[in-house]
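Student: I want to learn how to read features off a model. Can we take them one at a time?

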Amino acid sequence: MFRPVSGKVNLPQVEEEVLRFWDESGAFERSVRKDGRPWVFYEGPPTANGLPGAHHVLARVFKDLFPRYHTMKGRYVLRKGGWDTHGLPVELQVEKELGFSSKRQIEDYGIAEFNAKCRESVFEFVSQWNEMTRRIGFWVDLDHPYVTMDNDYIESDWWILKQMWQKGLLYEGYKVVPYCPRCGTPLSDHEVALGYREADDPSIYIRFAVADEQDTYFLVWTTTPWTLPGNVALAVHPDVEYVEVEVAREGKSERLILARALLPTLIQDYRLLATFKGSELVGRKYVPLYSFMQPDRPAYYVVAATYVSIEDGTGIVHMAPAFGAEDMTVGQQYGLPVLQTVDSEGRFIAAITPWAGMPVKAADPAIIEDLQRRGLMYRSERVRHTYPFCWRCDTPLLYYARSSWFIRTTQYRDLLVSLNKGINWYPSHIRDGRFGNWLENNIDWALSRDRYWGTPLPVWRCESCGALDCVGGVDELRGKPDSNFDEVFRGGVDLHRPFIDEVTYSCQCGGRMRRAKEVLDCWFDSGAMPVAQWHYPFENREKFQEQFPADFICEAVDQTRGWFYSLHAISTILFEQA
Ligand SMILES: [Zn+2]
Ligand SMILES: [Zn+2]
């Protein structure tokens, strides 16, 4: 009645037999019950430019289990595979292959050639990925995947951005952004969150001489000596109490000004001369440490800022608006100048003569030595603290003022938070913890990358009058007045750089519209997948309606601030639902 069962079972062999049966019978395709009520699963797209590893298996077990269960309960669970193909991870690998370490080398090599290499590399290991997927029995449709570098996918990205543009949510701003000097591009807040770790940095206490007062100094603390040549002001907290004390110095005496609360940690022997509120210090002038660059507006005086802390340091903060978001905000309130002492590769510009061309962090020791030699160093130590590094290339990030493109996500902060409350997170503490906290501190999404292999930012600018225009699709671009689209793409359309950069059209003023040169954060691509996987709204309108929003997504916890965030932000802004 029964076949005899051997006591010695070779499990891998049994698995192979089952897999063969599934393949031959088309079990997965046949199991997808098109007549059932949809239960929607989104596949988070991997990049196939590296080999899959054991750590990729766990998430896929869950990504298979739940859809399979709901299929068995009679639901229609379409499982469209996807590939993430753009961005720094891909570029970096090609750079390594070619032995490049800077953007200049890429441009000398040629953007077209470089991007062709990127295009090749993203599917280098696709057969290994497909085999891993098959072997672990993960049922997902890899025959019809969405691919973020396809023209159709890019066009949907453009459509999304145009919706945002029309709502006034896409803008160019001169802001301090986290910036990787090696990759030569700003990063978004969620990318920065991926790269924090411990680092050793200088911790120095410096004397800033009060103007027109002999031997009197503001005592100022910083962990970034390289920002000092960009200093334009000092900040105090208006409501905190400050003191002026007399201390002995090399047989003479000097007077130091600092927050009263920090006096015990810094100075033991002193004579108290005066106490006053921070607000009374505002407007006092000091002698600049450096005068490499001439400010075009009044500078070198004390301003009030409520972000100044008396947790550590001296309660007096040095301000370089080019290198700190808070410095920039306060600097704008006071109309302070911005001294941009650093170039886009993270090196001092020529005007900073003693250290011109040096990577700024490498110049720290020389700056410290200079301050010591001039008698301006009060104390010099090291501090161990957490500092952000580039999530792809591990270079310490700089905070750096530059012009880049943003999505005004802060306008949707409340909705981002409230829609998140309706998401059923497992484990549930992520909802209000790791993800919820993150949303409440939302800042505008730094969207643009000064790179090569990515979805081109669909913004064109008039070279005569500066007018800006956002393009929401291929036909729209082709139909612009006097557009040279068809000429550029005679041999076939590829929406990537450098080809798209050649597409120009007429502005109302008679000038020529040229594309802004940036590409998009690759997290925008993956976050756009609910829309772009269907080439919505250009095609598949019904399919999109049927497959939005998702019932189930599942990824590793690092994706809370990666893919989960970009999905949530884009859906919230576009459809006001999550
Ligand atoms: Zn980098
Ligand atoms: Zn114009």
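Tutor: We will go through a metal site, ring pairs, charges over rings and one arginine. Keep in mind that this is a predicted model.

Student: Which protein atoms are the donors of the zinc ion (ligand 1)?

Tutor: Look for donor atoms around the metal. Here they are the SG atoms of C180, C183, C390 and C393, 2.3 to 2.4 Å from the zinc ion (ligand 1). Their spacing along the chain is C-x2-C-x206-C-x2-C. C183 sits in the loop between β3 and β4, and C393 in the loop between β13 and β14, 210 residues apart. Both C183 and C393 are buried.

Student: What is the geometry of the site of the zinc ion (ligand 1)?

Tutor: Check the angles among the donors. They run from 104 to 120° for the 4 donor atoms, and the site is tetrahedral.

Student: How are the rings of F114 and Y452 arranged?

Tutor: Read centre distance, then plane angle. The centres are 6.1 Å apart and the planes are at 75°; over 60 counts as edge-to-face, so this pair is edge-to-face. F114 belongs to helix α6 and Y452 to the loop between β16 and β17, so the pair ties together parts 338 residues apart in sequence. F114 is buried at 0% relative accessible area, and Y452 is buried at 1%.

Student: Where does the charged end of R197 sit?

Tutor: Over the ring of F389, 3.8 Å from its centre. Likewise, R68 lies over the face of W139, 4.0 Å from the ring centre.

Student: Is R449 buried or exposed?

Tutor: Compare accessibility with the cut-off. R449 has 4%, and under 20% means buried, so R449 is buried. A polar atom of the R449 side chain lies 3.2 Å from the backbone oxygen of A446. Beyond its sequence neighbours within four places, R449 has contacts including E191, E518 and D521.

Notes: Residues numbered from 1 in each chain as written. Chains lettered and ligands numbered in written order. Predicted model: local features only at pLDDT ≥ 70, side-chain atom pairs only at ≥ 80, totals over all residues. Heavy atoms only, no water. Buried < 20%, exposed > 50% of the residue type's maximum accessible area, 1.4 Å probe, protein only. Polar contact = N/O pair within 3.5 Å; in protein donor to acceptor, adjacent residues only side chain to side chain. Contact = heavy atoms within 4.5 Å. Donors = N, O, S within 2.8 Å, 3.2 Å for Na, K, Ca; no water. Tetrahedral: all angles 85-135°; square planar, octahedral: opposite > 155°, others 65-115°. Helix = DSSP H or I, 4+ residues; strand = E, 2+ residues; numbered from the N terminus. Phe/Tyr/Trp six-rings, centres within 6.5 Å; stacked < 30°, edge-to-face > 60°. Lys NZ or Arg CZ within 6 Å of the ring centre and 35° of its normal.
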